[in-house]
Amino acid sequence: MQARQLNKTDSLALEQEIERLMEPGAEPFSLFMVDVGDTGKVFVKSGPAASRRILLNIAESLQAFCRAQDRLCRIGDDIFCILLPGVHQTGHIILAAEKIIRLQSDVVEKFDALLHSMVRIGIASFPQDGDDSAGLIHKAGIALDSARKTHSPYVSYSPALSQSMMDQWHLKEDLADAIADKALELHYQPKFDMVSRRPCGAEALLRWSSPKHGPVSPEIIVSLASEMGLMHDLTGFVFTTALLQAAEWPGIGKRMGLSVNLEATSLQQQETLNMITKIFSIWGNNERDLTVEITEGALVVDSDSNFERLRNLRAAGIGISIDDFGRGYSSLSYFRTIPATELKIDRSFVAKMLDSDRDFHLVEAIIWLAHRFGLTVVAEGVQKTAEIKLLTQMKCDAFQGFYFSKPLPHDDFCGWLARYRTPATIMS
Ligand code: C2E
Ligand code: CA
Ligand code: CA
């Protein structure tokens, strides 16, 4: 029985099973499409035996959930489908989905070290979501996709999901054109030096206002470009544009740093890193120190080879900043080996620091430790005078946030920077 569930069923067999349940006079039912997480990672990390053991446990727990009339099959590496006759009302669907999630989290707990993933379920029901088998499978798939994207444990299909998927297809098409036509823009948010109280650099932030869809957030741009395999092109555009524009900044009598974000997965792409060093060697400017900002998430996976790649960037004269420090995976152990030059304290810490002693002490400790390892510390999301006061006491090296300026279009940023040409305009 277990072995049969582990063998993949082709989708045709699933369609036939659904058609049988759709015969005239049949009772309503639901199709639960369950994504049990990335067992492929376990396969790569711990071998086929471990991955098979986990899959067996997952299949067993799903089987334990099923009643005699339910049907369970596996249609993809990590995708199981369950047909549940009689389950079609919202309340029953919720109860069933939550039970599956509970059972699966027991499996995840058992294999804690190996399986970090979370189960996601897409649900489509007969007859309300359609009366053809292929359509029902497709709709459960759309619901599953939405569950993954919204980080929801389960999502039931609704026509709005189809609409939003259509919108996303159009958005992707338009974004691909915009990347090809270089129709995206960069805005610049200054960093302020704690001692001189003058600008010491700026971070380039991606902007795209689509004529059809309006402004699209940089996180969405980056995630869609990744899905379409366009990150390499996008990264090339961002680095080239940023270096060319930074060369036009008015001089303010001191060096200004240029910071550019690098998406976590791009760190794994040697080709992209080679491109960055090449762009830097062509367009880099002695007056502008280039720093690449990467989030901690990029560093926890495969850290040895990531550190090696970072060292190569450092060797090319590019600074490395650990972005959003404290937001996610913070591990103090990599302070010892990471070839970073800067650490940016996540704005959630800065925001809570005034009201919470714990956050205050954390920020203080992070700054102390980072300095011991020779890193410059930047506080992100600074919005209040009281925050600047505390951060100055803690010897934080630089500030960035709406208090000083929002990210500005390039021309506006140049105009803004020009005000600092004379040392007399020192911030009070
Ligand atoms: P990030 O690197 O942490 O960038 C800082 C974000 O915080 C920016 O949002 C900025 O507008 C916002 N911010 C700055 N100061 C304040 C403040 O005082 N208060 C508040 N509430 N927010 C503040 P933005 O521009 O929407 O960018 C979001 C994220 O998108 C960035 O987070 C970065 O991870 C990513 N991103 C932006 N541009 C690029 C890019 O060119 N490439 C890549 N790979 N990612 C980018
Ligand atoms: Ca950043
Ligand atoms: Ca950040």
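The discussion below takes up several terms applied to this predicted model.

Student: What makes α8 and α9 roughly parallel?

Tutor: Helix α8 (residues 231–246) and helix α9 (residues 270–283) pack at an angle of about 20°, and their axes are 10 Å apart. Angles under 35 degrees count as roughly parallel, so α8 is roughly parallel to α9. The crossing of these two helices is right-handed.

Student: Which residues of α8 and α9 meet?

Tutor: From α8, the residues are His-232, Thr-235, Gly-236, Phe-239, Thr-240, Leu-243 and Leu-244; from α9, they are Glu-271, Thr-272, Met-275, Ile-276, Ile-279, Phe-280 and Trp-283. By class, this contact of α8 with α9 has eight nonpolar, five polar and one charged residues. Gly-236 is part of the contact, and Gly counts as polar in this classification.

Student: Why are α6 and α7 called roughly perpendicular?

Tutor: The axes of helix α6 (residues 159–180) and helix α7 (residues 218–227) cross at roughly 90° and come within 10 Å. The range for roughly perpendicular is 65 to 115 degrees; α6 and α7 are therefore roughly perpendicular to each other. Gln-168, Leu-171, Lys-172, Leu-175 and Ile-179 of α6 make the contact with Ile-220, Ile-221, Leu-224, Ala-225 and Glu-227 of α7. These residues divide into seven nonpolar, one polar and two charged.

Student: How do you know whether Lys-182 is buried or exposed?

Tutor: Lys-182 has a relative accessible area of 57%. Exposed means over 50%, so Lys-182 is exposed. Lys-182 lies in the loop between α6 and β6 (185–193), and its phi is near 55°, a positive value in a residue other than glycine.

Student: What makes Arg-197 buried or exposed?

Tutor: The relative accessible area of Arg-197 is 19%. Since buried means under 20%, Arg-197 is buried. Arg-197 is placed in the loop between β6 and β7 (199–210); it has a positive phi of about 55° although it is not a glycine.

Student: Where is the cis peptide bond, and what is its omega?

Tutor: The cis bond joins Phe-126 and Pro-127, with omega about 10°. Pro-127 lies in the loop between β4 (120–126) and α5 (133–150).

Student: How is the protein chain divided into domains?

Tutor: Domain 1 covers 11–157 and domain 2 covers 170–427. Their C-alpha centres lie 40 Å apart. Of the 428 residues in the protein chain, 49% are buried.

Note on methods:
Residues numbered from 1 in each chain as written. Chains lettered and ligands numbered in written order. Predicted model: local features only at pLDDT ≥ 70, side-chain atom pairs only at ≥ 80, totals over all residues. Heavy atoms only, no water. Axes fitted to C-alpha atoms, helices over the stretch in contact; angles between N-to-C directions. Helix = DSSP H or I, 4+ residues; strand = E, 2+ residues; numbered from the N terminus. Parallel < 35°, antiparallel > 145°, perpendicular 65-115°, else oblique. Left-handed = near helix turned anticlockwise from the far one by under 90°. Contact = heavy atoms within 4.5 Å. Domains from an automatic or database assignment. Buried < 20%, exposed > 50% of the residue type's maximum accessible area, 1.4 Å probe, protein only.
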